[in-house]
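Let's take a friendly walk through this model together. Have the sequence and the 3D view open as you read.

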Amino acid sequence: MREKKDRKLMNNLKKKFIPVLFVGPFLSFLLVFRIAPIGINFYMSFCKWDIMSKPKFIGLQNYTHILFDDPFFLKSLINTFYYVILSLPLLMSVGLILAFLFNRPVKGREVSRVLCFLPYVIMVSAVATVWRWLYETHFGLINYYLRSLGLEKVPWIAAPSMAMISVVLVVLWWRVGYNMTIFLAGLQEIPRTLYESAQLDGANTFQSFWFITLPLLRPTIFFVFVWGGITSFQVFDVVFTLTQGGPVNSTITLVHYMYLKGFSWYQFGGAATVGCVLFFIIFVFVLIQFKTMRQTYV
Amino acid sequence: MMSKMIVSARKRKILSMIALYIAYTVFILVFLMPIIWMFSTSLKPEAQVLSYPPRWIPKSVTLENYREVITALPNFFRWFFNSIVVGVGTVLLTVFLSALASYGFARLRFKGRDIIFLGVIASLLLPVQLTIVPLFLFFTKLRLADTYISLILPSAANAFGVFLLRQFFMGIPYELTDAAKIDGCSELGIFFRVVLPLSRNALMAVTIFVFMWSWNSFLWPLIIINADEMRTLPLGLALRLGVGDVAGGTAAPRWGIAMAGSFMASLPAIVFYLLLQRHFRSGIALTGIKG
């Protein structure tokens, strides 16, 4: 009788233990290397901590400092928003257009799809090196062709007014293949029979786009937009390598500023604060997206 | 009347075909041009690099830039090796952990399973930059800066693989796993012998993703690695080959060498991609659909 009870207990324990075996390792890593550091970062944002002394709790001083006393931070904030506003719609619309183009039943569309995605696999440093040359004001390739067409040469990355736009164009070349691929997959999921029956009912191209394609593509567009938004607020490596945040700080982004604060000036508390601000912005962005999506879906 | 309509409809079709082909050509050129330029410049002797008007086909082809990269940057291949070690290590660790966890979330029942999974997905929204400063202090205090471990371990805390694989595992018919259970197979056994072999495509997609992400990772290696011989490839290129650096700081940039280095670094990824491009793009399509 006792043995039966013991065996049942053993079996129960085993049953409870098995999920832990599967899910445990990953969750531990998540906790140790993701969740815990974020909690610590949150706490650090309320501290003053440079590399020499011990951390000192100073409440909201870091926040008030960067928001009200730090024009450099505000510049990075504006630059980041400028970048997102420029790049996100561009990446989405061009990606969508290319997906349409490369979905047409013509020879050569496979090659186009493959090549469209090719820039994506090239590392940021190589991308930056090439484009720094292409963008060179005096002997760069792009200005050479502009001049041979009779146009003025453009100070792509030499002028503060143009620099961010130039960065966005590079990112467009570099990353649009990703969006194109996802949109293409979404387009291909739409059954052809829908278009055929619409055509029988007399719908033209625009109508079938508006009433069939767009609604069915909405989840995909939503995903690309939200994910694209989240990643574009975090922009850093392309700016670091292409323009180093210049000229005249016109391309410094939030993450770049965070890097400088933490690892050039060793203000770890301040860097943590910038990170929290970044998180807050992304959080609000995602919240807005989900709220508006719920409204349109009802 | 009918024949006129048919002819103009055909004319329109031909015109739109021509327009389409023109558009295709333009886009193909736009995507290819910078890469070809990189290669072309890397083959030019230093004197010709700045020649004006710029030439696509070099007047004289030389390999001296490539030789210069190797001699001026003795760590170049070390960087390459580092990136591979970190990439492979990250893939092994991440895929292993994610697959195990995804199986647990997809096929096992336990208390709190769905809430925990929701939390895991929510972690995807947390920007990784929030972890950078604390992790830097953590690894530095443990004297683990400048190590492979510091590059590999944090990358495993990424819920993306779990997200993808769980969807996939949920789609495996229960008849298969039930049959294995009846045969006396343990959960672990089912995982290794039934589910994993069936998930080749999904696993390959996750592998490619994680490897590419690790290969291109920039911010974290920049922060945690200071020793030149431990740098990863993107880092080494940017910091040591950053135009203007090879040949001493603010001197005139040596574009030929910079392009050669960049091309050498990009070639493996390009080849890798062209060979496996179908897997790449179907993997990405998978994320879009599941997302």
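How do the residues of the lining of the largest pocket divide into nonpolar, polar and charged? In this predicted model, the lining divides into 14 nonpolar, 8 polar and 6 charged residues. The space inside the largest pocket comes to about 1400 Å³. To find its centre, look for A:Arg104, A:Pro105, A:Tyr195, A:Gln199 and A:Thr205, the closest to that point of the 28 lining residues. Both chains take part: helix 3 (71-101), helix 7 (160-189), helix 8 (192-200) and helix 9 (205-233) of chain A, along with helix 1 (2-42) of chain B, each give two or more residues to the lining. Helix 1 of chain B supplies the largest share, with 6 residues.

Now step back to chain A as a whole. Its elements are 12 helices and 2 strands, and from the N terminus they run α-β-β-α-α-α-α-α-α-α-α-α-α-α. With a radius of gyration of 26 Å, well over the 19 Å from the globule rule for 298 residues, chain A is more spread out than a compact globule. Its C-alpha trace spans about 90 × 60 × 35 Å along the principal axes. Of the 298 residues, 51% count as buried. Among contacts between residues at least 6 apart in the sequence of chain A, 65% join residues at least 24 apart.

Finally, turn to helix 11 of chain B, residues 200-216. From first C-alpha to last it reaches 24 Å, close to the 24 Å expected for its 17 residues. Since 12 of those 17 residues are buried, helix 11 is largely enclosed by the rest of the structure. Among the buried ones are B:Phe209, B:Phe211 and B:Trp215.

Conventions. Residues are numbered from 1 along each chain as its sequence is written. Chains are lettered from A and ligands numbered from 1 in the order in which they are written. This is a predicted model: local features need pLDDT of at least 70, side-chain atom pairs count only at pLDDT 80 or more; totals for chains, interfaces and linings use all residues. Side-chain values use heavy atoms; hydrogens and water are left out. On a 1 Å grid over the protein atoms alone, a cavity is a set of points where a 1.4 Å probe fits but cannot get out, and a pocket is an open set with protein on both sides within 12 Å along at least five of seven lines; lining residues have an atom within 4 Å of a point. Grid points are joined across faces, edges and corners, and a volume is the space filled by probe spheres set on the points. Helices (H or I, at least four residues) and strands (E, at least two) are DSSP runs, numbered from the N terminus. Ala, Val, Leu, Ile, Met, Phe, Trp, Tyr, Cys and Pro count as nonpolar, Asp, Glu, Lys and Arg as charged, and the others, Gly among them, as polar. The expected span of a helix is 1.5 Å times one less than its number of residues. Buried means under 20% relative accessible area, exposed over 50%, partly exposed in between (1.4 Å probe, protein chains only). The radius of gyration is taken over C-alpha atoms; the globule rule is 2.2 Å times the number of residues to the power 0.38. Contact means heavy atoms within 4.5 Å.
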